[in-house]
Amino acid sequence: MELLRGEQTSGPEAAAEFLARHCKWAVVTLGANGCIARHGKEIVRVPAIGESKATDATGAGDLFACGFLYGLVKGLSLEECCKAGACSGGSVIRALGGEVTPENWQWMYKQMQIKGLPLPDNRK
């Protein structure tokens, strides 16, 4: 949103459109409202996964990015990349601090299975 300060049109869609003009992949995270992403002409909205009320959002953006990039490396669709990011980011908001507890790793793997996403080979 900072990129659009002073622009007539602002909001998540406008931010994704702006980023897509400069990047091949554009994602705007929306906290409890999920994310909106663009790749070429494709646009997807993916809801957040899990609780809508975060215990602590420290690390959520970083882990969302990790999950999204994991999906890209695995050759997943734009929507699936966003779902992987949502599962990953959602795992860290469930406890205080920016660390994913063993219980929350298991929660993330379960969410990925429910969404039909491939699991990492080196699961804990």
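Mentor: Helices here are DSSP runs of H or I with at least four residues, strands are runs of E with at least two, and both are numbered from the N terminus. On that basis Lys41 is placed in the loop between S2 and S3. The model is predicted, so local features need pLDDT of at least 70 and side-chain atom pairs count only at pLDDT 80 or more, while totals for chains, interfaces and linings use all residues. Residues are numbered from 1 along each chain as its sequence is written, and side-chain values use heavy atoms, with hydrogens and water left out.

Trainee: Why is Lys41 called exposed?

Mentor: Its relative accessibility is 81%. Exposed means over 50% relative accessible area, buried means under 20%, and partly exposed is in between, with a 1.4 Å probe and protein chains only. Lys41 therefore counts as exposed. Its C-alpha atom is separated by 34 Å from that of Trp105, a residue 64 places away along the chain.

Trainee: What makes Gly34 buried, given that Gly34 lies in a loop?

Mentor: The loop is the one between S1 and S2. Gly34 has 11% relative accessibility and so counts as buried. Neighbours within four places in sequence aside, Gly34 is in contact (heavy atoms within 4.5 Å) with Val28, Thr29, Val46, Pro47 and Ala48.

Trainee: How do you know whether Ala16 is buried or exposed?

Mentor: The value for Ala16 is 1% relative accessibility, so Ala16 is buried. Ala16 sits in helix H1 and touches Ala26, Val28, Ile36 and Arg38, not counting residues up to four places away. Its C-alpha atom is 9.7 Å from that of His39, which is 23 residues away in sequence.

Trainee: How many salt bridges are there?

Mentor: Three. Side chains of opposite charge can pair when their charged atoms come close. The rule asks for a side-chain nitrogen of Lys or Arg within 4 Å of a carboxyl oxygen of Asp or Glu.

Trainee: What makes Arg45 and Glu13 a salt bridge?

Mentor: Their closest N and O atoms are 2.3 Å apart, and the pair therefore meets the cut-off. Arg45 belongs to strand S3 (residues 42–46) and Glu13 to helix H1 (residues 12–20), so the bridge ties together parts that are 32 residues apart in sequence. Arg45, at 46% relative accessibility, is partly exposed, and so is Glu13 at 42%.

Trainee: Why do Glu17 and Arg21 count as a salt bridge?

Mentor: The N to O distance is 3.8 Å, so this pair also passes the rule. Glu17 is partly exposed with a relative accessible area of 40%, whereas Arg21 is exposed at 56%.

Trainee: Which distance puts Lys83 and Glu79 on the list?

Mentor: Their side chains meet at 3.6 Å, N to O. The two residues are four apart in helix H3, and so about one helical turn separates them. Lys83 is partly exposed at 22% relative accessibility, and Glu79 is partly exposed at 36%.

Trainee: Why is H3 described as mostly covered?

Mentor: Of its 15 residues, 12 are buried. Among them are Leu78, Cys81, Gly85 and Val92. Ser91 is another of the buried residues in H3 (residues 78–92), and its 0% relative accessibility explains why. Beyond four places in sequence, Ser91 is in contact with Leu63, Val100, Asn104, Trp107 and Met108. The cover over the buried residues of H3 includes strand S1 (25–29), strand S2 (35–39), S3, H2 and helix H4 (102–114).

Trainee: How does the span of H3 compare with the expected one?

Mentor: H3 reaches 22 Å from its first C-alpha to its last, close to the expected 21 Å. The expected figure is 1.5 Å times one less than the number of residues.

Trainee: What lines the largest pocket?

Mentor: There are 20 lining residues, with Gly31, Ala32, Ala48, Ala60 and Gly89 nearest the centre. A pocket is an open set of points on a 1 Å grid over the protein atoms alone where a 1.4 Å probe fits, with protein on both sides within 12 Å along at least five of seven lines, and lining residues have an atom within 4 Å of a point. Helix H2 (60–73) and H3 are the elements that give two or more residues to this lining. The largest share, four residues, comes from H3. The space amounts to about 300 Å³, taken as that filled by probe spheres set on the points, which are joined across faces, edges and corners.
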